[in-house]
Amino acid sequence: MSDTQQLPLSVQPVISYPREAQVGKTYLMTIDLQPSGDGKWLYEEEEYPIYCMLDTSPLFSSKPVGEPAVVLHRFGGSYGAAKFLLTAAQEEMEGEIRVTLVNAWGVPVKVLNLVDLQVKQELTRLPNNKVAEFEIQQEQDNKIDINSLVKELRQKVKSSIQEHCGTMQVLDMTQPIELNHIYTNVNILEKITGRRRKEIAELLQECNSADFERFGLGKIAEKRVSGLKAVEKYTKLMILGKPGAGKTTFLKYVAMQCIAGNFQAERVPVFVTLYDFAEARNKPGLLEYICQQLSNAGAETQNFASMQEVITHGRTLILLDGLDEVREEDSKRVLNEIRDFSDEYRDSHFVIACRIAAQEYTFDKFTEVELADFDNEQIATFANNWFKDKAIKPEIFLERIQYNRRVTELARDPLWLTLLCLVFEESGDFPANRSELYKEGLDALLKKWDAKRGIERHQIYKKLSVQRKEDLLSKIALTTFVQGDYFFKQRVVEQYIADYLRTLPDVNSDLKALELDSEKVLQSIEAQHGLLVERAKGIYSFHHLAFHEYFTAREIIVGKQSSDEALQNLVSHITKARWREVFLLAVGMLPSADRLLLLMKQQIDMLVASDNRLQQFLEWVSQKSASVEVPFKSVAVRALYFHFELDRAHNTVSARVSRVFKLAYTLDRAFAITPTFDLDHAFYNVLVLARALAPELVDASAFEADGSSDIAPELKQSLQELKGQLPDPYKDKERFNVWRKAQGQAWADRLKAVIIKYHGIGYDWQFDEQQKGLLKEYYDANNLLVDCLNSDCYVSQKVQQEIEDTLLLPLGEFSSSYTQFYEGLEEASEEIKQVIISNFGHLEFIVSADFNMDFDSDNIEEVRVDSVEIIDKLIVSADDWEPENHLVTFELKVNISYTANISYESLESAIFDKEDQLYYNTEFIKEEVHQQVIRLVEVELIFFRDSSYNLCFGEIDYIDFYSKNSKEPILIEPESLENEYH
């Protein structure tokens with residue numbers, strides 16, 4: 001406050017006003033100021049305005065005529081009186097007019113009471129004149145020097161105020177902390193957010209839900225003003241705020257500033273903790289209690305009268321803290337005390353602090369405002385104060401909270417910001433398992449916040465244990481979160497509460513009683529913990545999105561006991577960004593996250609399982625990463641090249657490769673950018689620019705790669721040749737544009753072919769929009785899975801290794817390459833059959849023998865194949881001796897139908913003699929035998945890649961009839977041998 005603001009008013013008011021007025025008539029009132037004393041000008045300014053504020057109700061209604069101010073000038077006197085039109089009431093009454101003179105800074109400097117005024121039906125005096133003029137001299141009280149009294153009492157209470165208000169007991173800290181070590185200037189919302197009349201759609205629009213990562217339920221768009229300015233502006237102020245919003249801290253700060261002479265130095269600060277006042281022995285009145293405090297501060301008994309005199313003269317700043325903390329049985333008495341006290345000593349300034357939604361407290365002529373959440377600047381100020389002169393630097397803390405949006409939003413709440421500072425100071429970081437951080441803070445709200453101060457709350461809510469409160473909040477959270485309801489109407493949430501209460505033992509099941517109880521429980525949740533808050537009239541939400549997510553995860557893991565159905569339902573949301581935090585919290589709550597993590601992996605893989613093109617792409621990612629010789633985990637290299645291609649699919653050019661290696665670094669902390677990665681990154685940018693037919697940009701930014709020492713000589717030569725074909729766009733832009741139109745596309749295609757040939761990147765995947773979307777969902781979901789693995793959850797080494805080993809890989813034999821191998825086999829099948837037909841006759845055959853008769857190949861005149869059918873096929877191996885070429889070995893089971901022409905002598909009859917000798921009678925036979933045989937055939941096919949990375953059948957490399965079969969010859973059985981004669 002400047003010296004000018006504190007100068008005394010050395011003027012004498014001259015006021016003209018009606019002491020008697022006729023019902024309904026209008027009168028002129030004037031207020032002028034004349035210099036008093038020695039007339040010496042005490043102000044720096046040439047002119048000094050004094051504003052006139054009237055309180056004429058209920059006798060008159062008033063309206064200023066022009067500016068309601070008197071402007072004094074340094075040469076004596078004013079520029080004229082302030083004028084007001086007063087219109088008398090419509091009925092007879094008596095009363096007074098209060099005139100408050102206020103300086104340019106809004107500080108009242110004088111209050112004048114014009115008493116014994118009357119409004120009558122008929123006037124008894126001054127019948128011909130509606131205005132009576134008289135002078136009011138400045139008050140001269142010879143008995144009391146009020147300024148000296150204020151000065152004396154300020155000195156008496158100074159040590160008490162400093163002791164009581166100079167420190168804060170914070171959460172679990174064993175020692176109180178200096179107020180100036182944590183205090184941050186607060187802002188005030190002059191409109192109570194919970195009393196706005198808005199629809200849910202409007203609230204969603206305010207929260208910018210289209211960009212879910214920026215969705216912050218704590219953000220309020222209302223105009224903010226400084227807390228001290230609000231106290232200065234309103235003589236009677238009710239400050240409302242959520243639990244932990246900083247109400248007590250602010251009131252203590254106001255008291256400290258006042259006693260230090262930095263704020264309203266002309267007043268005596270009085271700080272009253274209303275819970276202590278309510279619990280005081282013998283139930284004293286508020287004035288008596290204040291005087292008792294003065295006695296405790298060491299003042300003599302005669303100072304009690306002095307304090308009352310100061311209060312009567314309006315020279316006190318009464319700070320009443322914690323109205324909501326008063327017990328129910330004391331509430332009515334305390335409210336009446338405050339009302340009577342503020343009415344009797346109306347000239348004093350009052351500030352009351354109370355939790356929002358505690359009760360519908362109403363005090364005449366009190367203005368209600370709400371403490372706003374911290375903005376980024378206030379968070380930074382708090383952190384700088386907290387970590388001042390400590391080992392941990394505030395910059396590191398601020399950097400870490402900015403790293404996570406949910407933590408940033410929590411930090412806007414002073415209580416949570418304090419908790420975050422305590423946790424960070426202890427370990428130098430936040431827990432990787434975020435659920436532990438949230439649990440600690442929620443324990444502070446649900447268990448410790450009131451208990452530490454011995455505060456008791458509503459009976460109906462007290463009956464619920466902490467676990468049941470958490471269970472209730474969890475059920476509300478999951479139900480609303482699944483439906484996407486971040487805001488919900490009061491009657492809806494009360495129904496959820498009633499449904500839960502109905503399941504508890506010893507609960508009144510009467511419908512009307514349940515409705516009343518559910519309403520009280522909702523009010524208690526908001527007033528006591530601030531976990532649910534009223535965003536607009538009759539519309540609620542969780543205070544922070546983080547709370548909504550935490551209790552949603554808790555219901556899945558604790559409420560539903562991690563059942564298979566609950567986990568399956570959870571993983572069905574794997575691609576939805578708004579469920580990301582729920583996954584991270586859920587894995588952190590589980591005693592073992594193995595099951596959930598494997599379900600997540602399975603769900604992610606199924607996203608692209610049925611798309612052959614995407615499976616083909618994943619195979620390329622695997623092969624490309626395997627071809628790069630670097631000392632990093634394969635999965636990290638896969639992640640890098642996946643991201644490269646994802647950027648290219650969306651025509652994104654990134655200036656630095658480090659922007660795209662976040663997931664790779666998460667998977668392998670040793671991961672670093674190598675010359676190979678840098679070179680491939682440059683080529684990716686070349687490809688994006690070439691596709692956009694912007695080769696002039698390619699020339700400027702990417703052909704610098706041809707000077708790299710890591711580049712192959714053949715590639716360097718090809719790039720130099722392409723660079724030589726490129727006209728200079730800066731020398732002759734018109735010629736360049738003609739060239740680009742005629743040859744730009746062909747040049748870009750040649751460039752792409754060169755990069756594919758030498759670096760194996762740049763294939764034309766021809767993804768449609770749906771595939772691009774799937775690819776992005778797949779990548780983001782894998783990112784989430786990796787974040788869950790690294791969230792300090794409990795996961796076995798086996799499962800973690802299994803997930804990392806198979807991350808970003810195609811699905812084994814169901815991969816697109818295997819599909820294309822089988823397609824290539826189908827394409828080659830006729831050629832394979834022809835080879836089998838032409839080679840089948842060269843196999844070894846033998847005619848079946850009977851009665852010890854010898855048959856050999858001489859009996860076989862001809863074998864010809866009638867048909868070949870491939871009845872089964874299996875890929876034995878697939879070798880890629882080059883990225884673009886594959887040698888694939890198949891094992892085929894073939895059914896061969898053939899005809900064999902044979903000749904032999906057939907037994908006609910057999911006669912036995914006495915010596916048991918056998919005589920033969922034979923016949924020469926020629927026969928055509930039709931048979932089938934199943935053989936295993938090994939076939940090797942060569943495949944190559946085209947420019948779109950499709951696998952195409954090239955040629956048959958090898959067919960083997962022998963290695964997979966018995967060495968025995970093929971047996972031909974003539975039909976004539978089926979009949980035996982003896």
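At 32% relative accessibility, D55 counts as partly exposed, a class that lies between buried (under 20% relative accessible area) and exposed (over 50%), with a 1.4 Å probe and protein chains only. This aspartate sits in strand β4, residues 47-55; strands here are DSSP runs of E with at least two residues, helices are runs of H or I with at least four, and numbering starts from the N terminus. Together with E94, E96 and D116, D55 forms a negative surface patch. Patch members have over 30% relative accessible area and no salt bridge, with like charges joined within 9 Å and nonpolar side chains (Val, Leu, Ile, Met, Phe, Trp, Tyr) within 5 Å. Asp and Glu count as negative, Lys and Arg as positive, while His and the chain ends are not counted. The charge is placed at CG of Asp, CD of Glu, NZ of Lys or CZ of Arg.

## About the model

Please keep in mind that this is a predicted model, in which local features need pLDDT of at least 70 and side-chain atom pairs count only at pLDDT 80 or more, while totals for chains, interfaces and linings use all residues. Residues are numbered from 1 along each chain as its sequence is written, and side-chain values use heavy atoms, with hydrogens and water left out.

## The overall picture

The protein has 32 helices and 28 strands, and 52% of its 982 residues count as buried. A nonpolar surface patch of about 220 Å² brings together L28, V65 and L85. Of these, L28 belongs to strand β3, residues 26-35, and is partly exposed at 37% relative accessible area.

## Salt bridges

You will find 30 salt bridges in the structure, each a side-chain nitrogen of Lys or Arg within 4 Å of a carboxyl oxygen of Asp or Glu. One of them pairs E370 with K242, with the closest N and O atoms 3.9 Å apart. This pair links distant parts of the chain: E370 is in strand β19 and K242 in the loop between β15 and α5, 128 residues apart. Both partners are buried.

E769 and K772 also meet in a salt bridge, at 3.4 Å from N to O. They are three residues apart in helix α30, so about one helical turn separates them. E769 is exposed at 60% relative accessibility, whereas K772 is buried at 18%.

Definitions and conventions:
Areas by Shrake-Rupley, 256 points an atom, 1.4 Å probe, with all protein chains shown as cover.
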